[in-house]
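Let's take a walk through a protein model together. Keep the picture in view as you read, and follow along one piece at a time.

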Amino acid sequence: MRHYEIILMIYPDKNEKISHVIDFYTKIILSKSGTIHRSENWGQRVLSYSINKLQKANYVLMNIEVSIECMKYLENHFKFNSKIIRNLILVCNKAHTDMSPILRNQENSKKEVISTKNNHKKYFINKNHI
């Protein structure tokens, strides 16, 4: 069994279908006695260049451990799935289970927005009491 990192780019109009795509591939991996170490939905992100006249795509990251035969099956399925724009498959030396830097940055930026909103509320409350 080898370790793989997979990044899928899914059509942006398929927002409600992303969980179905993740579940579908999860079932395939588990049915072929594979292991999923990490699965992250990065959400909709802007593309650096347009693909098929699209400016955005939904990104999904999966770190898995499967056999070579299963990976060939998945790779073939990625090619013919109409919901997937692009895919990237990397072979890894070990399993990656920690949170990816992209998701970590998204969570940190959300925390900053919340803290600045709270600071503004305190400022306005204090200003109104004066």
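Let's begin with two neighbours: E2 and strand E3, residues 54–66, pair in the antiparallel sense over 11 bridges. Strands here, like helices, are DSSP runs numbered from the N terminus, with at least two residues of type E for a strand and at least four of type H or I for a helix. Two strands pair if DSSP finds at least two bridges between them. Before going on, note that this is a predicted model, in which local features need pLDDT of at least 70 and side-chain atom pairs count only at pLDDT 80 or more, while totals for chains, interfaces and linings use all residues. Residues are numbered from 1 along each chain as its sequence is written, and side-chain values use heavy atoms, with hydrogens and water left out.

Now widen the view. The pair belongs to an open sheet of four strands in the order E2-E3-E1-E4, with antiparallel pairing. Strand E2 (35–51) and strand E4 (84–92) are at the edges with a single partner strand each, so one side of each has no neighbour in the sheet. On average, neighbouring strands of this sheet are turned by 20° against each other, direction ignored; axes are lines fitted to C-alpha atoms, for helices over the stretch in contact, and angles run from 0 to 180 degrees between N-to-C directions.

What packs on the sheet? Helix H1, residues 18–31, does, touching strand E1 (2–10), E2, E3 and E4. Contact here means heavy atoms within 4.5 Å. The direction of H1 makes about 20° with that of E3.

Next, zoom in on Arg38, which is found in strand E2. Is Arg38 buried or exposed? Arg38 counts as buried because its relative accessibility is 9%, and buried means under 20% relative accessible area, with exposed over 50% and partly exposed in between (1.4 Å probe, protein chains only). The bridge partner of Arg38 in E3 is Asn63. Their side chains also make a polar contact, at 2.7 Å, and the side chain of Arg38 makes another with the side chain of Glu5, at 3.3 Å. A polar contact is a pair of N or O atoms within 3.5 Å; within protein, one must be able to donate a hydrogen and the other to accept it, and residues adjacent in sequence count only if both atoms are side-chain atoms.

Finally, step back to the whole chain. Three helices and four strands make up its secondary structure, following the pattern β-α-β-β-α-β-α along the sequence. Of its 130 residues, 32% count as buried.
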